[in-house]
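Let's take a walk through this model, pockets and helix packing included. Have a look at the fold, then read on.

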Amino acid sequence: MSTLSKIQSYKGEIVTKMKQLLILLLGMLFFYSCAKEDLVETDPELQPYFELFAEEATMRGFFVDYDVERIEGLLQDIPSTNVQGQCFQNERKPKKVIIDINYWNNASKLEKEFIVFHELGHCFLNRDHLDDALADGTCVSIMHSNPGVCFFELKADNRDEYLDELFSN
């Protein structure tokens, strides 16, 4: 084999190796960017309420896996007045339960439970708002749209009824 042929052969091998390296690097970059985007993380302050929702769901025949369902919880400032929580759904990204940080910092334990369960009602159970009220004006569901539509107060003595209704649809 001539020297020119050897040089061309080595040059071809180098080009092939560079292409393989480039494909490998692009693959790693794609994998890393997708894996990072798919992370589902929940704020540590919300985590106990997410776990409680999963326990209550299990007692009523539902299995909750937030990683599989791709649902995360975040505490953030929600600039809209009178909006305490939101559920954002996007097929390409995790669903987000966002709770207003100012509301959270001033809420009782039951109010925190209510807002997390309400938003998970949207994000996990795919429930819409239900503004029906009993004859006395009491909300029939934890899924009511706002405080002015009916009277609602989550208490220890009505909690089970509201949670039974939440998981019934």
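A pocket here is an open set of points on a 1 Å grid over the protein atoms alone, where a 1.4 Å probe fits, with protein on both sides within 12 Å along at least five of seven lines; lining residues have an atom within 4 Å of a point. A volume is the space filled by probe spheres set on the points. With that in hand, the second largest pocket holds about 200 Å³. Among the residues lining it are L134, F151, F152, K155 and Y162. Its lining splits into six nonpolar, two polar and four charged residues, where Ala, Val, Leu, Ile, Met, Phe, Trp, Tyr, Cys and Pro count as nonpolar, Asp, Glu, Lys and Arg as charged, and the others, Gly among them, as polar.

Keep in mind that this is a predicted model: local features need pLDDT of at least 70, side-chain atom pairs count only at pLDDT 80 or more, and totals for chains, interfaces and linings use all residues. Residues are numbered from 1 along each chain as its sequence is written, and side-chain values use heavy atoms, leaving out hydrogens and water.

On to the largest pocket, with about 520 Å³ of space. It has 23 lining residues, and Q84, F114, I115, H144 and P147 sit closest to its centre. Helix α5 gives the largest share of that lining, seven residues. (Helices are DSSP runs of H or I, at least four residues, and strands are runs of E, at least two, numbered from the N terminus.)

Now follow α5 (residues 109-123) to α6 (residues 159-166): their axes, lines fitted to C-alpha atoms over the stretch in contact, come within 11 Å and cross at roughly 10 degrees. The two helices are therefore roughly parallel, a label for angles under 35 degrees. L110, E113, F117 and G121 in α5 meet R159, L163 and L166 in α6, with contact meaning heavy atoms within 4.5 Å.

Terms used:
Axes are lines fitted to C-alpha atoms, for helices over the stretch in contact, and angles run from 0 to 180 degrees between N-to-C directions. Angles under 35 degrees count as roughly parallel, over 145 as roughly antiparallel, 65 to 115 as roughly perpendicular and the rest as oblique.
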